[in-house]
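Okay, thanks for having me, everyone. Let me put the structure up so that we can walk through it together.

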Amino acid sequence: MTIPSKIVQGMGINFEEPMMKEQKQDLNRFSKMVPFLIQKGIDKLNLSMFSPELRKDLLLALGDEYRKKGDLYDSARAYLLADSKDKLNLIGEDYEILMQYDNCVEVYKMAGNRSKLLKIGKKCIQEGNLRQAAKAFMAADDTDSLIIVGDKCMDCYRFDQAFEVFSYLQDKHKFLTLGMRCLDQHEYDYAIKAFNAAGDKEKLNQTGDQLLKEENIHKALEAYRLADNQPMVAFIKQNFA
C-alpha cells in the first residue's frame, strides 16, 4: 500500500470519534508510551511481554495515533496486528475518501468486508477504473461481476487486463472469445496466450497460419509448438532457421 505523502487532516476524514469514559482512561494510560512506540517503528516493536489484552490495547492506541498523523499504512498494520476489523474498516473508508482504491481494497480484504468490496468494485466500474474493479471483485470472489469487468476490458482493448480476469475465473469460453478478439486486432501475443489457456490447438494452428502469412516466423513457431504441430515446427526449422 502507498504511504500518504502528507497528513490527510481536513480532507473529509473524521479522526475525532466519541469515546466512552473507559476508553479515555485507556488512552491516558498509554499516552506516554505511544510516542515512544511511534518513534521506534512498528517493525521493531516487541510486545510479547504483555498480556494479549494489554498488547491489543497498545496496538489500537498506536494505530489511532498513526491515523491522526495521516499515516494510514502503518495505522492499518497496527489494527491488523490487533485483529480489529472495525478499525480496519475505518482505514478503508479513509482510503476511499482519498480515492486510493488499491489500498482501499487491500484493507477491506483484510477486514473481511465483502459488502464494501462489492461497493468499491461497482464504483470503480462506473469511473472506468477496471483494474481496481477487478481487484475488488476478486477479493470478494464475485464471479458474475468479474465477467462483466472482463467483457468491458475486451471492449476497451485492454487485453492484458481481460486475460488476468479470465485467468482468475479459469473460463475457457471467455479465453476463446478473448483470443478471437485479439486475433482480429493482430494482438498475437495475447491471442496465443488466450488460446493456449483455453487448450484450443485448432485456434493455435489458425493463429500460426496467419502469422506465417505475415512472415512473423518467430511467433508462428511459438503458436505451432503450443499446438503440438510437429510437422509445421519441423517445416519452419528446416526452411527458416
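This is a predicted model: local features need pLDDT of at least 70, side-chain atom pairs count only at pLDDT 80 or more; totals for chains, interfaces and linings use all residues.

Quick housekeeping before that. Residues are numbered from 1 along each chain as its sequence is written, and side-chain values use heavy atoms, with hydrogens and water left out.

By nonpolar core I mean a set of buried Ala, Val, Leu, Ile, Met, Phe, Trp, Tyr and Cys residues joined through side-chain atoms within 4.5 Å. Buried is under 20% relative accessible area, exposed is over 50%, and partly exposed is in between, with a 1.4 Å probe and protein chains only. The largest core has 68 residues, and the members that touch the most others are Leu62, Ile120, Val149, Val165, Phe166 and Leu178. Take Leu178: leaving out neighbours within four places in sequence, Leu178 is in contact (heavy atoms within 4.5 Å) with Met154, Phe159, Ala162, Phe163, Phe166 and Ala194.

Now a helix. Helices here are DSSP runs of H or I, at least four residues long, numbered from the N terminus. In α4, residues 72-81, the buried residues are Leu72, Asp74, Ser75, Ala76, Ala78 and Tyr79. Their cover includes α3 (52-68), α5 (85-97) and α6. After α4 comes Asp83, with a positive phi near 55°.

While we're on α6, that's where Lys109 sits. Lys109 is exposed at 51% relative accessibility, and beyond four places in sequence it contacts Leu117 and Ala139.

On to charges. A salt bridge here is a side-chain nitrogen of Lys or Arg within 4 Å of a carboxyl oxygen of Asp or Glu. How many salt bridges does a search of the whole structure find? It finds 12.

Asp102 pairs with Lys135, the closest N and O atoms being 3.7 Å apart. That one links distant parts of the chain, from α6 (residues 101-111) to α8 (residues 130-140), 33 residues apart. Both ends are partly exposed, Asp102 at 23% and Lys135 at 25%.

Next, Lys174 and Asp151 meet at 2.8 Å, N to O. Lys174 is in α11 (residues 172-184) and Asp151 in α9 (residues 143-155), 23 residues apart. Which end is buried and which is partly exposed? Lys174 is buried, at 14%, and Asp151 is partly exposed, at 24%.

Asp155 counts as exposed at 51%, and Arg181 as partly exposed at 26%. There's also a network: Asp102, Glu106, Arg131 and Lys135 are joined by salt bridges that share partners.

Okay, rings. I pair rings of Phe, Tyr and Trp (its six-membered ring) if their centres lie within 6.5 Å; planes under 30 degrees apart are stacked, over 60 edge-to-face, and the rest tilted. The whole structure gives four aromatic pairs. Phe163 and Tyr190 form a tilted one, 6.4 Å centre to centre with 55° between the planes. Phe163 is in α10 and Tyr190 in α12 (residues 188-198), so the pair ties together parts 27 residues apart in sequence. Phe163 is buried at 14%, whereas Tyr190 is partly exposed at 24%. Then there's Phe235 with Phe240: centres 5.9 Å apart and planes at 75°, so that's edge-to-face.

Back to Phe163, which forms one aromatic cluster with Phe175 and Tyr190. Lys193 lies over the face of Phe163, 4.5 Å from the ring centre; the rule is NZ of Lys or CZ of Arg within 6 Å of the centre and within 35 degrees of the ring normal.

Last stop, cysteines. With a disulfide defined as two cysteine sulfur atoms within 2.5 Å, the count is zero. Cys156 is partly exposed at 42%, while Cys182 is buried at 0%.

Key: Helices (H or I, at least four residues) and strands (E, at least two) are DSSP runs, numbered from the N terminus.
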